[in-house]
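Please read this briefing alongside the sequence and the model. It groups selected features by topic.

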Amino acid sequence: MDVICTNDKFPAPVLAFYAEFGITIPKKDQLYTIRQVKRHTTGETGVLLNEIQNPDVPVKHPVMGEVWFEPTFNINRFATLMGQPVREEEMADVNA
């Protein structure tokens with residue numbers, strides 16, 4: 001599914017963390033293709049993009065302790081090509 005980044009503003013602590021691990025972030029007004037949809041440990045919906053493939057970073061998991069995952073980007077940072085919010089039901093076939 002093709003999407004456009006509408007929000008590339010990250011809090012300073014997040015940017016510092018990403019810089020430490022060499023993470024590339026999406027840029028506003030750029031076109032991306034969602035390669036996978038994942039649920040954050042917080043319950044939020046995140047996506048991985050074909051055009052950005054990042055290394056894994058450490059994440060503190062409440063049950064498993066420290067685990068390493070490729071960071072996802074919140075789906076709310078993107079819009080459809082028609083400028084509409086991306087709905088989870090539209091992405092049902094992305095992971096298929």
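Val63 lies in the loop between strand 4 and strand 5 (65–69); strands (E, at least two residues) and helices (H or I, at least four) are DSSP runs, numbered from the N terminus. Val63 is exposed, with a relative accessible area of 72%. The cut-offs are under 20% relative accessible area for buried, over 50% for exposed and in between for partly exposed (1.4 Å probe, protein chains only). The model is predicted: local features need pLDDT of at least 70, side-chain atom pairs count only at pLDDT 80 or more, and totals for chains, interfaces and linings use all residues. Residues are numbered from 1 along each chain as its sequence is written, and side-chain values use heavy atoms, with hydrogens and water left out.

**Surface**

- Val63, Met64 and Phe69 make a nonpolar surface patch of about 320 Å².
- Such patches are made of residues with over 30% relative accessible area and no salt bridge; nonpolar side chains (Val, Leu, Ile, Met, Phe, Trp, Tyr) are joined within 5 Å, like charges within 9 Å.
- Accessible areas come from the Shrake-Rupley method with a 1.4 Å probe; for residues, only the protein chains shown count as cover.
- Asp29 sits in the loop between helix 1 (12–21) and strand 2.
- Asp29 has a phi near 70°, a positive value in a residue other than glycine.
- Asp29 counts as exposed, at 60% relative accessibility.

**Nonpolar core**

- The largest nonpolar core has 19 residues. A core is a set of buried Ala, Val, Leu, Ile, Met, Phe, Trp, Tyr and Cys residues joined through side-chain atoms within 4.5 Å.
- Those with the most contacts inside this core are Tyr32, Ile34, Val47, Leu49, Phe73, Phe78 and Met91.
- Strand 1 (2–5), strand 2 (31–39) and strand 3 each supply at least two residues of this core.
- Strand 2 gives the most to this core, with 3 residues.
- Beyond its neighbours within four places in sequence, Phe73 is in contact (heavy atoms within 4.5 Å) with residues including Phe10, Tyr18, Ile25, Val47, Leu49, Asn54 and Phe78.

- Asn54 belongs to the loop between strand 3 (45–49) and strand 4 (57–61).
- Asn54 is buried, at a relative accessible area of 9%.
- The Asn54 side chain reaches the backbone nitrogen of Thr24 at 2.8 Å. A polar contact is a pair of N or O atoms within 3.5 Å; within protein, one must be able to donate a hydrogen and the other to accept it, and residues adjacent in sequence count only if both atoms are side-chain atoms.
- Leaving aside neighbours within four places in sequence, Asn54 is in contact with Gly22, Ile23, Thr24, Glu70, Pro71 and Phe73.
- Thr80 follows strand 7 (78–79) in the chain.
- Thr80 counts as buried, at 11% relative accessibility.
- Not counting residues up to four places away in sequence, Thr80 touches Met1, Ile4, Pro85, Val86 and Glu90.

**Salt bridges**

- The whole structure holds 2 salt bridges, each defined by a side-chain nitrogen of Lys or Arg within 4 Å of a carboxyl oxygen of Asp or Glu.
- Asp8 and Lys9 pair through their side chains (3.9 Å, N to O).
- Lys9 is exposed, with a relative accessible area of 63%.
- Glu70 bridges to Arg35, with the closest N and O atoms 2.6 Å apart.
- This pair links distant parts of the chain, 35 residues apart: Glu70 in the loop between strand 5 and strand 6 (73–74), Arg35 in strand 2.
- Glu70 counts as buried at 15% relative accessibility, while Arg35 counts as partly exposed at 23%.
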